[in-house]
Each structure stands twice: as C-alpha cells, then as structure tokens.
Amino acid sequence: SRADAGGQLPNPQALPPRVLAIAVPSPLRRLFDYRPCREMPACGWQPGLRVRISFGRRQIVGVVIECRDQSELPLADLKPVEACLDSAPLPADWLWLCHFTARYYQHPLGDTLHQALPVLLRQGRPLEARMRERWQANSNAPDNDPPTLARAHRQAELLTMLRQHPHGLVTQAIVAQSFTREQLKSLLAKGLVTRREEALTAQPKSDSTHLLAEPPLPLTSEQTTVLAALHEKLDHYHPCLLDGVTGSGKTEVYLQLIEAVVRRGRQALVLVPEIGLTPQTLARFRARFQVQVVALHSGLTEHERLDAWEAAASGRAPIIIGTRSAIFTPLARPGAIIVDEEHDGSFKQQDGLRYHARDLAVARAHRHGIPLVLGSATPSLESLARARSGDWRHLQLTRRASRHAPALLELVDLRGRPRQGGLIPPVIDTIRDTLTAGHQVLVFINRRGFAPTLACHACGWLAECDHCDARMTLHRTPPLLACHHCDRRRALPESCPECGSIDLRPLGSGTERTEETLAGLFPKVPVHRIDRDSTRRRDALEQVLGEVKRGEPCLLVGTQMLAKGHHLPHVTLVVVVNADAGLYASDFRALEQTSQLLVQVAGRAGRAAHPGRVLVQTLHSDDPHLRLLAEQGYAALATHLLEERRAAGLPPFRFMALLRLESPREEQVSELAAQAADALREWLSTRKLAVDCLGPVPAPMERRQNRYHLQLMLASDKRSRLHEAGAWLTGWLAASPDARRVRWSLDIDPQTL
Ligand code: ADP
Ligand code: ZN
Ligand code: ZN
C-alpha cells in the first residue's frame, strides 16, 4: 500500500511542524521555507508531499523535503503553502532516487524532482488510479420502453443496447456506437441505468499459471548457464554484465528472468535505447506475457504517461519497459532491472540534468537489493572493466542461437579507387551478386542528407553555417542546405558566393546520394532509405521493416537507426560506406563508440538461414585499431583500448567531470572560465586536494548556434575528491555575479567532450 511506500501514519499527539522546507523547480541550489497551511493532509505533514505555493509572483508546485521547527527567517515572515496536493507522499523509492541523482550529478534538487515527474504531476494534477465508467441497464426498469423515453429515440436505443450486455459497457464502447455522454446522463437521471467506476488498469493476476501467453523457448546450453546464475540471487543486489554476441539470445534471457521475477510477485524494469523501443521489440515482450507490459515512450500522451507511472508506483504493472527517463519510474515491489544495449549513448542525457540511466540503474538495484542485468554485444569499457575485475558478474553468450556465427569485418581499401555514391566497383559487384542470389543488402552510412556539404570547384569554397563551426549538409528532397547542429536552413546558392562560379558540386556522400546511386544501378530492386528524414512519420520505420521481413531481395540504406537491435533475417550482406570518421577524432571515447557501431551494424548480417558478410570501406585499412577489431573482434580491441586508457589516466581508471560554459559573447564566457579555473586551482592547492584541473579550452565545436562553448576538465583518482571539487566549483559559480550572464553546467562522467 501507499503507506509502506514511504508514508508513516501521523502521530495524533504530534503537533504539526512549524516550517516546511520545500524544493521548487528553479536553478537555485536551496530549499525554501513555508508555513503549513491550516488544512493538514490525511497522512500528516511529511517529506514527499506536493504542495502549491506562491513563489515570487507565480503559483508553482513544490515538494516538501523537510519538516522542521526552525527557519533562518522569522516564522512570521514565512508564507503559508496554499494547498497540499497529495493525500500521501510521493513514492519513497522515487524520492530516494531523486535525492541520489541531485547529489551525484550536483544538480539542483528542485529541478531534479521536476524532471523526474510526469508532466501532469508537475502541474499539480492528483495522483490516483485513473478510473473508467461502466454503465448497466437497471434490472428493475420496465421491459418495454418506459414513457419517459417516448420522444427520446436514441436514449431508447441506447437502453436496448445496454440490456443486451448484462455486464454493462464502458463509456468508450458506448461512444464508439455514436451515442453521447448526454444520453447516458439522461438515462441515469431517469433511474434507468447505473454507473460504476472501475480502475483503468487491470489488477495483476495473482494466479501465476496464467502469466505466459506463449511457452518460453528451450534454452541453449549457454543461455541455461546464464539463467541459472541469475536465478541464484534473485533476492540480492547482483550486478551482471550479460556480454553476448549479436543474436545470441540475450532477449530470451531477459524474458525468462522477468518471468521468474513476476512469479515472485515482483516488478521488472527494462531500459532500452531510444531507437530500441520499436513496436517490434514491444511486440516480443507482449507476445510472451499475459500480464500488462507498460511501455514508456515518446509517443504517449501525458495522461497515458501518468497512468503508467501510477500503475508502476502502485505495483499493478508487473513489467515496465522504457527509454532513458523510465529509470525514474517508481516501483512498489522492485524485482529486477535490465538495461539492454547498455553501451548505448542515448542512456546519457546531454542537457539540463545530465544523468546516465545505466549508472542510476546500478544505484537503484543496489538500493533495492535486486539483480541488475546490463546486456550488450559491445559493452562499454566502464562495464567491461568492472566485470573483468570481478566487481560485477561477467556472464557470456559466445554463440548465436541461429546457425551462423556473426560475420567478421572485411576491410576494403578505398585509396585510389573511383567511387559511385560512396561505393567502389568491387563492393558494387558483391551487392549485385547478393541480390541475384535472392538476399537482402544493408548499406550503412552515418550521414543523412545528399552530401556532407556543397563545394565550389573553382575556388574551394565550402557551404558553412553562419551560426556554427560546421559545414552545412546538402539535401535533395527537398533541395536545401541544412546545419545538423542548429537546424538552420538555407536555399541552394545558384553560384559560388565567393567567386561567382556556377561549378558547385556535392562533396562526399550521404544517405540520399547513396540511395540515388543504388536505385540507378539496380532499377528492378526496391531501395529503402532509413534515416531521421525518411522516418519522420511515426510508423514509417515499422512499415519498411514489415516489408523487409517478407524477404524479397531489396536494398536498405540507412544511418545508425538501422544499425541497432533490428532482427533482419534476410540480410546477408552489410556494407559500411566509410568507417573512418571516428578513427582519429579528438574525443577519447570516439574509437570505443566507432567500434561498437561497426560491430552492431555487422551484427545485422546472417542472422538466420544464410551466413553473412560485412564489407567495411576505409581509407585506413592498415590502422592498427581497425585491424585488431577486424581480425580479433571487439573483446580484443576493448582490452587494448582499456590499456591505453589506463596508461593515459582516462576513465574508467580515473574519474572525470566537465564544466561546460556557453554564452553568445565570447569574452564573457572566456573571462568567467578563466576566473573559475583560477579560483578552483587556488582552492585545490590550499586544500591539497589531488584533483587535476585542465583548461579552460574551447569545446570541440566552439561556436554552436551562435554561442561560444568552453570547457574545464576535472579529473581525479578518487570519485569523492572529484565530487568535493565539483561541489565547491558549483558553489563558487552560483555565488559569482558574472556567472549569471553565462550558461554553465557541470557534467559528471561526461560521455562526449
Ligand atoms: P540478442 O538480443 O542477443 O541480439 P535475440 O534475443 O534477438 O538476440 O535472439 C536472436 C534470435 O535468436 C531471435 O530470433 C530469437 O528468437 C532466437 N533465439 C534466441 N534464443 C533462442 C533459443 N534458445 N532457441 C531458439 N532460438 C532462439
Ligand atoms: Zn568559388
Ligand atoms: Zn549551425
């Protein structure tokens, strides 16, 4: 019940507290004191209650954090809260997670709570199970049409319909037959029908024989071993890295773990990457279980989101699956947390509250004392290091459930070869052979648009964005130049703005150009392009994937939307147009991310009856990292990268935080950054605190959306020291008058520089 979820029963003898310290959604790093209002909530005043307060000139919703008897202000100066919005505090596990998140990421508590609540709760809507109405004809109503309906034909018809349904009908079903609420209300007023309210979400079936809608798959021997290890410790914190090659049946392991969790009357929370929560994935979970599978994705209405939150908080929803923000879903009876594709970048929020959902999952599982499964074919170096050190359990699936092992990467040297739409002749020949054999081909190119930019062949001018240090991408459908960093658009110039020449040509290839080339080369074969532009319509991706599932030969051209997660049984050839972008990037994670992406794309090939091939085009076919990946695989490259990180003193061997500063005025941001760095260095040296402070330096793209970006890096061997320094720095910035004109944030464990 809600009471065990955190509330204590009020002690009738206790006096109400004199002061409520309240967190409000504001960048200010403090609580605000108010007096309780006269009307005490049923549970008494407690942390976790939402209240409406007047704050400045606005009315806002805040959350009670402490009940005290003292304030730094005279009690008479405190305003009373306007109203308490809850009859019981928000769930205790959720409140704990918000406190933890605010502390760990050094983010204001009020804003953290705000971000972690569904929009309707932020706005002050009550949290209660949403109800629906069921209408029944009264049994004592006369059988023939009562006189009160003599001139109300539709009402009479409605009554007749209800009589045919002894268990009644819900409003939606009635309205679907073109009756109105007004007609229902009239019948109610005439005493001819009754109305009952029932909870919208079904009660869980206590009888667990009806848990499954389909039988589980018989496990492979590796899956059996993994599942046995998970079953050993269902009542303990048990962090596991499920390190399993693409197609090895990790999802089947999740499904059977969830089954065990739900049979014990507990809930399972499953996090998937942003592009992972497709109807395909969801269908797989829903096909297995008869109990409700609540999905939290961007397509929900705010009402649906609130329902899902409530169903999870009350314990009625046994299985919750969602993207990053679903980590903030309260659970009445937590039983396990699963993070699929744990290496995926979308688990890290890149603005505002910069949390990492995987890392919060670790904290949550520890707090609840439950198993945590982090699954991936290409684990992050952080997780791999913890698993290899024995900190976490390292569970492995080395073989595919199907016949064929994942294909090795074949490097194809691009140097000195003519290209068509980015592809060289021998690769085009292999594509032709594959299509002729009746199979499907996936061409991966991590650039949407027609070409990365437009160039003048007379003078070398390149189309650049006025607002960013970046080139504008050339698009064909519709024709325009677009900046992918600030979304600025421009019409195509007819001649070069520098020299007037009309010899303007696309430089390089994007998805549109490769699609066009392939359509020209293979006119009889359908070419499907999949990127953010082609899938703006919600169901576009599903539609294409549905068609691809039917198995006719076809070409798929796409960005990383296509690279992850999808099961494409008829694809036997994967072509990577260019592997080079991440090989020499300045970001120390670039190689890790590039190799993860390559392995994930490669994993789409040969997942069913026929073996697969993966051709990787590159200008650097003798690059040692790329060769190691191609010849020995991801685990070997990861070992090597971890050694490099250790030698360079980089995560996961040291801890890092990044202060990001930005402003439209370059001198404002550089002055503040320099002052902050000086102040921090002085404080570090007087405290003799071993934290390195590097910079300030310009961010990799210094000018973005016409704002200047600088950063200061903090690094330490000890997380506690890093946090101490970060806390001091945010305190200094919060107090600095100059910092008000500059937007700044501290990024703990940054994923990109
Ligand atoms: P992963 O999540 O590791 O990429 P999946 O769970 O998607 O792998 O499994 C890949 C394919 O193998 C799926 O089609 C799945 O149905 C099938 N599969 C998984 N486990 C088994 C099993 N034990 N027996 C037969 N097929 C299996
Ligand atoms: Zn020119
Ligand atoms: Zn731009």
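Q: Is C465 buried or exposed?
A: This is a predicted model. In it, C465 is buried: 23 other C-beta atoms lie within 10 Å, and the cut-off for a buried residue is 20 or more.

Q: Where is C465 found?
A: C465 is in the loop between β18 (453-456) and β19 (473-475).

Q: And what does C465 touch, not counting residues up to four places away in sequence?
A: C465 touches A470, M472, C483, H485, C486 and R488.

Q: C486 is on that list. Where is the place of C486?
A: C486 belongs to the loop between β20 (480-482) and β21 (489-490).

Q: Is C486 buried, exposed or partly exposed?
A: C486 is partly exposed, as 17 other C-beta atoms lie within 10 Å.

Q: With which residues is C486 in contact, leaving aside neighbours within four places in sequence?
A: The contacts of C486 are C465, H467, C468, R704 and Q705.

Q: Which residues does the UniProt "binding site" annotation cover?
A: According to the unreviewed UniProt entry, the annotation "binding site" covers C465, C468, C483 and C486. These residues span 22 residues in sequence, yet no two of their C-alpha atoms are more than 8.8 Å apart, so they gather at one spot.

Q: What about the other annotation, "domain: Helicase ATP-binding"?
A: The unreviewed UniProt entry assigns that annotation to residues 231-397. In the model, this span is 35% helix and 23% strand, and its end C-alpha atoms lie 17 Å apart.

Q: Changing topic to ligand 1: how many residues surround it, and which are the closest?
A: Ligand 1 is surrounded by 16 residues, of which G249, K250, T251, E252 and A401 are the closest.

Q: Which helix gives the most to that shell?
A: Helix α8 (residues 250-263) does, with three residues.

Q: And by class?
A: The shell around ligand 1 has ten polar residues, four nonpolar and two charged.

Q: How many residues are in the largest nonpolar core, and which have the most contacts inside it?
A: The largest nonpolar core has 163 residues, and those with the most contacts inside it are I22, V443, F444, V574 and V575. Helix α8 supplies the largest share of this core, seven residues. Another core, of 14 residues, lies apart from it and includes C468, M472, L481 and L504.

Q: What does V574 touch, again not counting residues up to four places away in sequence?
A: V574 touches L442, F444, V601, A602, R604, A605, G612 and V614.

Q: Now helix α2 (residues 109-116): why is it largely enclosed?
A: Six of its eight residues are buried, so the rest of the structure largely encloses α2. The buried residues are L109, G110, T112, L113, H114 and A116.

Q: What covers them?
A: The cover over the buried residues of α2 includes β1 (19-23), β4 (58-68), α1 (92-104) and α3 (119-122).

Q: What is the strand order in the open sheet of five strands?
A: The order is β2-β1-β4-β3-β5, with antiparallel pairing. At the edges stand β2 (32-34) and β5 (83-84), each with a single partner strand, so one side of each has no neighbour in the sheet.

Q: Over how many bridges do β3 and β5 pair?
A: Strand β3 (residues 50-55) pairs with β5 over two bridges, in the antiparallel sense. Within β5, A83 stands opposite R52.

Note on methods. Residues numbered from 1 in each chain as written. Chains lettered and ligands numbered in written order. Predicted model: local features only at pLDDT ≥ 70, side-chain atom pairs only at ≥ 80, totals over all residues. Near = placed C-beta within 6 Å. Helix = DSSP H or I, 4+ residues; strand = E, 2+ residues; numbered from the N terminus. Nonpolar A, V, L, I, M, F, W, Y, C, P; charged D, E, K, R; others polar. Buried ≥ 20, exposed ≤ 12 C-beta atoms within 10 Å, placed from the backbone. Contact = placed C-beta atoms within 7 Å. UniProt positions renumbered as here; feature names shortened; annotations may be inferred. Core = buried A, V, L, I, M, F, W, Y, C linked by C-beta atoms within 7 Å. Pairing = 2+ DSSP bridges.
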